[in-house]
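Hi,

Here is the structure we talked about, with the sequence alongside. My notes on it follow below; I hope they are handy when you open it.

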Amino acid sequence: MNSAAGQPKLRVLVAAFAFSPSQGSEGGIGWNLVTRLARFHEVTVLVGDLRGDLPGKHTLEQWFTSKPGIPNLEVIHVPPDRRMVFWEKVHRLPGLWPLYYHAYALWQKAAYRKARELHHRRNFDLCHQLTYLTYRDPGHLWKLGIPFYWGPVSGTDNIPSSFYPMLRAEEHGKFWIRDLLNSVQKHTSFRARAAARLAKKVWCVSKSDLALIGGPWGGSTEQLFATGTEPMQSHPKKLLPGEPLRIIWSGLHIGRKALPLLLRALADTPLEVPWHLEVLGNGPSTIRWKGLSDELGLPRQRIQWIGHLPKTEAIERMRGAHVLVHSSLNEGTPTVMMEALSLGLPVICHDACGMSAAVTEECGIKVPLKDPATSILGFRAAIISLLEKPDLLERLSSGALSRSVELSWDSTATAIADSYSNPS
C-alpha cells in the first residue's frame, strides 16, 4: 500500500498550464503527476492554452470522450483571451520569443481569477503551482490564503559560455539572453521570492535550484525530479565477447542537445574499438551533424540515422541498445533518460542540472560540464571503459533498473501526496 493511502482526502487545487495525455515534456509531467495525485486526494486542475484554436482543450476532450473519467479529478480549462492569443502569435516572429512568457503570465492571472471564484465556492484545503516548471513564475495561487506548494521547479542552471559556439545562431542569442536574465532574476524576482517563502514546500530539480530557493530566497525546499520512470520488466544488459557496444542517442536535433560532442568523442576513439551508434530524432541541425560525421571520418556503417519514431518504436530501439549517451548541455530530468533507466540502460551524461542527481554512480557515468574538450574526453573515456570492463556495463545496468523504481511516477506522486497530508 502506498504511504499516502488511508490519509483523509484533501481538496486540492492545482495550476498545471501544460497538461496532456499525449505529450512528453511539460504536458506529460502535468498529466502523469496530477492523474496520480487523484488517487490520494480530490484534485481540481486548471489547465490552459495560448492559441486561439485551443489544441490542448481539444486533445483533452478527445481523450475523456474515448475513455472513462478519472475518479477524484476535475479538469477545468482556462481559455486565453485576445491579448494572450495576440502575444502568442507575435512571439513566433524572429527574435521575439520572450513574448511567449508575457502571454503565459497573462494566463496565470486569468487562472488566479478562476481559482478565487472556485475557492469561494469549494473552500480548497491547499493549492499547488505545477507546470510550467520554471522558477521564475510561481503563478498567483499563493495569494489564496491556504497552504501553497510549488514545483518541481528548475531553470537556474546556465550553459558555460565555452559551449556557445556549438549553438545555432538563433539559439546562441536565445541562451545568451536567457543566461543573462537568470543572473538578474535570481536577485530581482521579488514575487517568486515571496511565493517561495510562503510555500509549505518548494520541490527543486537541481542543486542550483535548491541552493537559490533554499538559500537567499528562504524557501522550505526538497529535491524532487520532474520526470518519472515507468519501470519495465528487463534484464541487466550484457556485452558479449566480440560484440560492439551499441550506443543510442535520442533527442531533437538542435544545438544545445550537443550531439557533436559524442561524434567527436567517437572520432577520437581508435578504429579497432568496436561500437555502433543509432541516432534518433531530427531537427534543424540534422544535415549539419551528418556532414560533421563525414568530415570526422566516422565509418558510415557504424552510424544509423534513424529519424523521428513513434514512442513505442523508439522504446524498442532503446531496448536493443547497451547504453544511452545523453550529451545535452541543459536539461532537467529528460524523458529519454528516464526511459533508458527503465529499460536497464546505463546513462552517460553531463554532471549538471537535474541529470547530475538523477544519474548516480550506480547507474551511469557523468562527465564534467566545463568546456567542449573536457566533454569529448569524458564521453570517450566512458565509452572505452564500458568496452574494456564488461562487468561494469552489467553492474551499471542493474543499477539503472533499481534506480528506475526509485524515480517512478508513482513514487514521485506519492511523495507529493504525503507532503500534502503531512506538511513539515
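Strand S5 (residues 148–153) and strand S6 (residues 201–204) run parallel and are joined by three bridges. Strands here are DSSP E runs of at least two residues, helices are H or I runs of at least four, and both are numbered from the N terminus. Two strands pair if DSSP finds at least two bridges between them. Across from Lys201 in S6 stands Tyr149.

Before going further: this is a predicted model, in which local features need pLDDT of at least 70 and side-chain atom pairs count only at pLDDT 80 or more, while totals for chains, interfaces and linings use all residues. Residues are numbered from 1 along each chain as its sequence is written, and side-chain values use heavy atoms, with hydrogens and water left out.

Back to the strands. There is an open sheet of seven, in the order S3-S2-S1-S4-S5-S6-S7, and the pairing is parallel. At its edges are strand S3 (73–78) and strand S7 (221–223), each of which pairs on one side only. On average, neighbouring strands of this sheet are turned by 20° against each other, direction ignored. For angles, axes are lines fitted to C-alpha atoms (for helices, over the stretch in contact), and values run from 0 to 180 degrees between N-to-C directions.

Helix H4 (residues 99–122) lies across strand S1 (11–15), strand S2 (42–48), S3 and strand S4 (126–129), and runs at about 150° to S2. Helix H15 (residues 409–421) packs on the sheet and touches S1, S4, S5 and S6, with its direction at about 165° to that of S6.

Then there is helix H8 (residues 259–267): seven of its nine residues are buried, so H8 is largely enclosed by the rest of the structure. Buried means under 20% relative accessible area, exposed over 50%, and partly exposed in between (1.4 Å probe, protein chains only). The buried residues of H8 include Leu259, Pro260 and Leu266.

How many aromatic pairs does the structure hold? There are 14, counting rings of Phe, Tyr and Trp (its six-membered ring) with centres within 6.5 Å; planes under 30 degrees apart are stacked, over 60 edge-to-face, and the rest tilted. Phe86 and Trp87 are edge-to-face because their planes are at 70°, with the ring centres 5.0 Å apart. Phe86 is partly exposed at 45% relative accessibility, and Trp87 is partly exposed at 26%. Tyr100 and Tyr101 are also an edge-to-face pair, with centres 5.8 Å apart and planes at 85°. Of these, Tyr100 is buried at 16%, whereas Tyr101 is partly exposed at 46%. Phe17, Tyr104, Trp107 and Tyr132 make up one aromatic cluster.

Charges sit over rings as well (NZ of Lys or CZ of Arg within 6 Å of the ring centre and within 35 degrees of the ring normal). The charged end of Lys143 is over the ring of Tyr112, 5.8 Å from its centre, and Arg302 lies over the face of Trp275, at 5.1 Å from the ring centre.

Finally, the cysteines. A search of the whole structure for disulfides (cysteine sulfur atoms within 2.5 Å) finds zero. For Cys127, the nearest cysteine sulfur belongs to Cys204, 17 Å away; Cys127 is buried, at 0% relative accessible area. For Cys349, the nearest is that of Cys363, 8.3 Å away, and Cys349 is buried at 0% too.

Best wishes

Methods:
Contact means heavy atoms within 4.5 Å.
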